[in-house]
Every structure is written in structure tokens, then in C-alpha cells.
Amino acid sequence: MKSVLCSLFWEGYTLYKHKHLGKGHLLFILEALNDPVCGGCGQSCRRIHDQSLRRIRDCDLLDQRLSLELSVRRVRCGRCGTKTERIAWLPRSGRQTCRLIAQVEDLCKDQPIKHVSKRLGLPWHTVKRIDKARLVRELPEVDYGSLRTLVMDEFALHKGHRYASVVADADTRQVLWIGEGRSRESIRPFFESLGEHCDQIEAVAMDQNSAFDLEVKMHCPNAEVVYDLFHVVAKYGREVIDRVRVDQANELRQNKSARRAVKRSRWLLLKNKDNLNEEELVRLEELMNANQSLAQVYVLKEQLKELWRSSSIWGAFKRWRTWWRMCRQSKIKPLLAFANKLRPYLRGIIASAKYPLNTSVLEGMNNKIKVIKRTAYGFRDTEYFFLKIKHAFPGK
Ligand SMILES: [Zn+2]
């Protein structure tokens, strides 16, 4: 039994004796059966320079934690000089067997570090180091030659004090690049790595408030900048719907129930109409019947979205003109202010008719990044966090 176990798990070693290290924790002391093998050239080598005891962790044996202890030898190799011996099932300097490392890597694919650490009884930073090494090793490759359309976005790091920028392929959704900062300079390294392929980029979608457009124009002479529906509608929600809703609630001070209905309507007004259930649709209709301004800004939100659903540039432009006229006629101040601010970006908005980049790419990316951030995943290590994001969007 002993020799079967040894030849299965610890090739070249035999179990000399075992000890109990405490409740549920076994220690196996192993002895080498053969001459060591040089870590440099792989030749068997008789001359031993020195040896040192190493305590390492292995996978659990049934319900027992398992540690191993063995002498690791250094050889005097005729070709390589002094070298640490090579052991097939143990990484050169590691304190975990290859088997245990493979188990950590596998568990980390769908569990937070904390859970894996607890389950295997390994320190948190050890689990993270192992997972990070796998993420680096298995990083999805980028095929620059096939890129045509891109999406760019920014997201907050550390409670919004710092930001990061991300670039993805709009077709495959592969995350191509991530870097800290959200300035023109901070995204420049992406275009430098894109090099000669900059010329083949046809369109880049982004938030109209980002600093990315000028940088895109500088590097990609053939690219059209397209402003993304997702960001514009989110901004409309904050700057128009929220403002009008608060104003309306203040006007309804005398009518408590109507005031409460308006105050509680935020999600009702911001959510996509297709995602509302029957009860919510009834509430929405009642709200709109009772509040003319809210009804107007709601209808104009839906019409604003239609700008991105035009089949031609000219069609989009006509829709813009209608929308613009309706905003002016409404005389609702936050709406007028929003429309005025949006006007300079018209070209990039109606360009979406020619390059209909699916807005769900950006929206989905945004949400998934938030989830990765929330589950912590070693968030204080930005490099690790970025690797996690790249792996979450590997492309096709
Ligand atoms: Zn050698």
C-alpha cells in the first residue's frame, strides 16, 4: 500500500515514517530512493554538494491535511556546477506539490481566494500567488490583424479615487488592454502596441465625456468615433430624470401620497420598459398621467434611444432634429441643458447608424467588472484585478 501511494504521488521516494501534527493534520517523512537529478541538465548525479530539509504541503489525504518533509539535495554537476536537484512532482522553489497547485488553480477559476484558502488550509497570499501565476501563463492571445471596431471605457478603482481604462474588441468582446488612469496619455500605450494595425480600425465606441476621442483621432486616421447609447442614457437618467423627479416631488408637498409615488419612481423611470412587469407598467402609466413633466422626459428618453436605432445617417439626423425640437418646446430646464450639452457630440451619435456597435457590449463589460471588483479577488493588487478582467473576456 505504502509503495503504491509513493509511486503514485511521490515518484522516486518512499515513506520513511509518519507523525500527527495535531488534529486532522498528518506529516509524511519521505526518503529518496535514487541518486538526485541535476536541475539544470536533467542528468543523474552522484556528487552531492549539500542538502536541506523542506516542509511542503500536499493535497488532503481523505479527511487529513497532509504535509511532507524531505531532504532536497544540491548536486555538483560536471556540466552545470552547483544545482538544486529536480523533483518531478515539486516545483523548484515551491512549498506546495504540483498536485496541490493544480487543485488551487482549478478551484480559483470559480471561487474567491478566501474560500479556496479556507478549504485547503493555505495562506490567502499563497492562493493568490498561485492563481496569478496561472492567469499570466494562460493569458488569452490578441490577434491584432483582425481588429476592426473597438469599444473603450473607464471604471473606478478604490472607491472612485483612481480610474482605469479598458479597450475591447467590439466584435468578439475580448478585452485587449487595461491600464490605470483615464487620460489621453494613459491609453496611449494601447495604440503604440497596436502599431501599424491602427490604420485598419474603422470605428471606436466610447462615452462622449471621455478623453479618448482625441487620442483615437491622433492614432487611427480611418476610425470614426461613435458615442455609446449606454452612457448617454445613463447620463440622461442622472441629469434629467432624477432632477425633474426631485423638482416634482418638492412641488407635491401638500399631497403626501402623490409625493411618495414620485419619490419612489426612480427605477421605474430609469429601467428599460421591456423589463417592467405588469404591475410596474400600471404604476408607470399612473405616474405619467399625474405628472406631465415626468411623462415628457420619459417619452424623450425613449425617443433619444431611437437615435441609435436608425438605419441611415440621414434617418438618425432627422430623428435628432425632431428630438431637439421637442426638447425646446418642453421648456423643461434640465432637459434643455442636457440637449445643449449633447449637441456638440451629434456627429458621433449619428455615426452609430453606420457602425451599429451593440451597446450591450459596454454595458455587460461594465457590470461584470463591478462583480469582479465586489468579490474582491485580491483587489488591492491592481495587476491581479486586471488579469481577472482579461480572463473574464477572452473573446470567441
Ligand atoms: Zn547539470
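I'm calling a residue buried under 20% relative accessible area, exposed over 50%, and partly exposed in between (1.4 Å probe, protein chains only). By that rule Cys 77 is buried at 11%, while Cys 80, at 27%, is partly exposed.

Ground rules: I'm looking at a predicted model, where local features need pLDDT of at least 70, side-chain atom pairs count only at pLDDT 80 or more, and totals for chains, interfaces and linings use all residues. Numbering runs from 1 along each chain as its sequence is written, and side-chain values use heavy atoms, with hydrogens and water left out.

Zinc site. I looked up the donors (N, O and S atoms within 2.8 Å of the metal, or 3.2 Å for Na, K and Ca). The SG atoms of Cys 38, Cys 41, Cys 77 and Cys 80 coordinate the zinc ion at 2.3 Å. Along the chain, the donor spacing reads C-x2-C-x35-C-x2-C. The ideal angle for four tetrahedral donors is 109.5 degrees.

Cores. I take a nonpolar core as a set of buried Ala, Val, Leu, Ile, Met, Phe, Trp, Tyr and Cys residues joined through side-chain atoms within 4.5 Å. The largest has 56 residues, and Met 152, Phe 191 and Trp 323 are among those with the most contacts inside it. Domain 3 (147-228 + 357-392) and domain 4 (230-353), whose bounds come from an automatic or database assignment, both give residues to this core, so it lies between them. I also found a second, separate core of 20 residues, including Val 151 and Ile 369.
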